[in-house]
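Biologist: Hi, I'm new to this one and would like a walk through it. Can we go over it together?

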Amino acid sequence: MAHKQETRWQRRKDSRPSEILNAALACFKERGFAGTRLEDVAAKAGVTKGTIYLYYANKEELFEAVVRTELVPNLDRLETALAEPAPAAVLLERLFSFWAHTVAPSPLSVIPKIVIAEAGNFPKLARFFLEAAPHRMLRLIASVIRRGIARGEFRPVDVDHVVYCVIGPLILSVLWQHSLGPHDDRPLDVQAVCRAHLDLVVHGLRLAPQSSQTASRKRGKQ
């Protein structure tokens, strides 16, 4: 009997960090970063405030742990998927699908709103998040576009700035979900937005057939 109790306690202890992180994310969503206290997280996780200190030194470390533990592994998987030798348009489709089916429906989709809302007051947190997620996404998008250009699939473009045009509507989709969306009588279909955006991006980047380019040059000389 004692062994069974010890096993249950051990299982509970092993799952505690995950329970704390889930509770922290829920509190950050409800109250924002500044408005969340460790007491709130402890109450939602069903532990004492002292228990949280066993795992995380402060609220900032707790937030960083949410990003590293819950968000970064998804980016790892995306990075692996985009490293495969597929056409650039297919890789962009994978990226957009990842956003529409993995990021947007997840509780993690609220993180950009939390950071953007409080970046001015917590610049260190903003810089951490930038490097952990947005900068990484921008590098991934840039690598796919550059591969498409090198293979003759995409036309030459200013990649360093085009990446912001690509990621912008994706970020907007989750910001809308957690700000204006609940007050809008027209629900935002993130999957439909991602499909439409993919269509615009791929057709905007795709190298025009030689005949079309030649015709365009001729018209320009007239």
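Biologist: Let's start with helix H2, then. Which residues are buried in helix H2 (residues 38–45)?

Modeller: Leu38, Asp40, Val41, Ala42 and Ala45 are the buried ones in H2. Buried means under 20% relative accessible area, while exposed is over 50% and partly exposed is in between, with a 1.4 Å probe and protein chains only. Keep in mind that this is a predicted model, where local features need pLDDT of at least 70, side-chain atom pairs count only at pLDDT 80 or more, and totals for chains, interfaces and linings use all residues. Residues are numbered from 1 along each chain as its sequence is written, and side-chain values use heavy atoms, with hydrogens and water left out.

Biologist: What comes just after H2?

Modeller: Gly46, which takes a positive phi of about 75°.

Biologist: Zooming out, how many helices and strands are there?

Modeller: The chain has 11 helices and zero strands, so the pattern along the sequence reads α-α-α-α-α-α-α-α-α-α-α; these are DSSP runs, with helices being H or I of at least four residues and strands being E of at least two, numbered from the N terminus.

Biologist: And how much of the chain is buried?

Modeller: Of the 222 residues, 39% are buried. As for contacts with a separation of 6 or more, 69% are between residues 24 or more positions apart. Contact here means heavy atoms within 4.5 Å.

Biologist: OK, what lines the largest cavity?

Modeller: There are 14 lining residues, and Leu71, Trp99, Val103, Phe129 and Ala133 lie nearest the centre. Helix H4 (59–82), helix H5 (88–103), helix H8 (134–150) and helix H9 (159–177) are the elements giving two or more residues to that lining. H5 has the largest share, with three residues. The space inside is about 130 Å³.

Biologist: How does that lining divide into nonpolar, polar and charged?

Modeller: It has 13 nonpolar, one polar and no charged residues. Ala, Val, Leu, Ile, Met, Phe, Trp, Tyr, Cys and Pro count as nonpolar, Asp, Glu, Lys and Arg as charged, and the others, Gly among them, as polar.

Biologist: And which residues line the second largest cavity?

Modeller: Phe33, Ile114, Val115, Glu118, Ala119, Phe122, Leu125 and Ala126. Helix H6 (111–118) and helix H7 (123–132) each give two or more of them. By class, seven are nonpolar, none polar and one charged. The volume of this second largest cavity is about 30 Å³.

Biologist: What about the largest pocket, how is its lining made up by class?

Modeller: That lining has 12 nonpolar residues, no polar and no charged ones. H6, H7, H8 and H9 each supply at least two, and the residues include Pro112, Tyr164 and Ile167. The largest pocket has a volume of about 220 Å³.

Biologist: Switching to H9, where is the kink?

Modeller: At Ile167, shortly before the proline Pro169, and it is about 30°. The bend at a residue is the angle between axes fitted to the seven residues ending there and the seven starting there.

Biologist: What do the buried residues of H9 pack against?

Modeller: They pack against H5, H6, H8 and helix H10 (190–205). Ile167 is one of those buried residues, as are Val166 and Leu170.

Biologist: Then there's Leu205 in H10. Why does Leu205 count as buried?

Modeller: Because its relative accessibility is 4%. Leaving aside neighbours within four places in sequence, Leu205 is in contact with residues including Leu92, Phe154 and Val162.

Biologist: Last one: where is His178 found?

Modeller: In the loop between H9 and H10. His178 counts as buried because its relative accessibility is 19%. Beyond four places in sequence, His178 is in contact with Lys29, Ser109, Val110 and Lys113.

Notes. 1 Å grid on protein atoms, 1.4 Å probe; cavity = no way out; pocket = protein on both sides within 12 Å on 5 of 7 lines; lining within 4 Å. Points joined across faces, edges and corners; volume = space filled by probe spheres on them.
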